[in-house]
Amino acid sequence: MSSPDTHRQVVLVSRPDGIPQAENFAIVQAGVRPPGPGEVLVRNTFLSVDPAMRGWVSAVANYSTPVPLGAVMRSYAVGRVEETHSDRFAVGERVMGMFGWQEYATVDASAILRRVPDDGMSPSLSLGVLGLTGATAWFAMNEIGRPRVGDSVVVSTAAGAVGSVAGQLARLTGCRTVGIAGGPEKVRLASRISGTTPPSTTAPPRSRPTSRRPARTASTSTSTTPPGRSAMRCCG
């Protein structure tokens, strides 16, 4: 496979004040660096946009070093291996990793997190429900929270990537789920995702499987909702 000499990149040009805006970024043309020993060249086909990125572009470090001004915006992506100097990956394989907002990424083979199978499903799912967000929700619910039939489960930021999956997993377990979101619009979004009735509508009580064990409350926190800006509803 042949790759072009140049490609487009999205770089961070200023720190956002509040919600990031288009003017905080710029689209630039840059050269495609050939892979060196142990490296692969990936042609990105899907780029992720995640809430965590707001922290990545802040001037204050959290769990991750801030993206430097003038640098390619950090992100997970799915793409095809175009060239390889690593015996771990072959040309044509579909892979997922931290490749950034750009058309091509030359990375060390260790930057590739996993192969994405050609199974007929959209590779974009590897950036969502079949990716890190889905895995985070699954392990939080099944390995840490471990809700049981009849439990009440509270999910913060229920309209977010991880929270929306966590809420669905809780409902599938047979739990009463309580979702918290940052306003009416996000509450309605959480309702659509989880297939529940919006809070303004009265719904008949649902029948739930019975449990021989006493009911308890399981809580999973997926991020922090600012005080005074949250809306709460019961999901099923």
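## Strand pairing

Two strands count as paired if DSSP finds at least two bridges between them. In this predicted model, strand E5 (residues 94–98) is joined to E7 by three bridges, and the two run antiparallel. Within that pairing, Gly-97 has Ile-112 in E7 as its bridge partner.

## The sheet

E5 and E7 belong to an open sheet of five strands, ordered E6-E3-E4-E5-E7, with antiparallel pairing. The edges are strand E6 (104–108) and strand E7 (112–115); each has a single partner strand, so one side of each is left without a neighbour in the sheet. On average, and with direction ignored, neighbouring strands of this sheet are turned by 40° against each other.

## Packing of H2 and H3

Two packed helices are described by the angle between their axes and the distance between the axes. For helix H2 (residues 132–145) and helix H3 (residues 161–173), the angle is about 45° and the axes are 8 Å apart. That angle makes H2 oblique to H3. The crossing in which H2 passes H3 is right-handed.

## Residues at the helix contact

Which residues in H2 meet H3? On the H2 side they are Thr-133, Gly-134, Thr-136, Ala-137, Trp-138 and Met-141. Their counterparts in H3 are Ala-161, Val-162, Val-165, Ala-166, Leu-169 and Ala-170. Sorted by class, the contact of H2 with H3 comprises nine nonpolar residues, three polar residues and no charged residues.

Notes. Residues are numbered from 1 along each chain as its sequence is written. This is a predicted model: local features need pLDDT of at least 70, side-chain atom pairs count only at pLDDT 80 or more; totals for chains, interfaces and linings use all residues. Side-chain values use heavy atoms; hydrogens and water are left out. Axes are lines fitted to C-alpha atoms, for helices over the stretch in contact, and angles run from 0 to 180 degrees between N-to-C directions. Helices (H or I, at least four residues) and strands (E, at least two) are DSSP runs, numbered from the N terminus. Angles under 35 degrees count as roughly parallel, over 145 as roughly antiparallel, 65 to 115 as roughly perpendicular and the rest as oblique. A crossing is left-handed if the near helix is turned anticlockwise from the far one by less than a right angle, and right-handed if clockwise. Contact means heavy atoms within 4.5 Å. Ala, Val, Leu, Ile, Met, Phe, Trp, Tyr, Cys and Pro count as nonpolar, Asp, Glu, Lys and Arg as charged, and the others, Gly among them, as polar.
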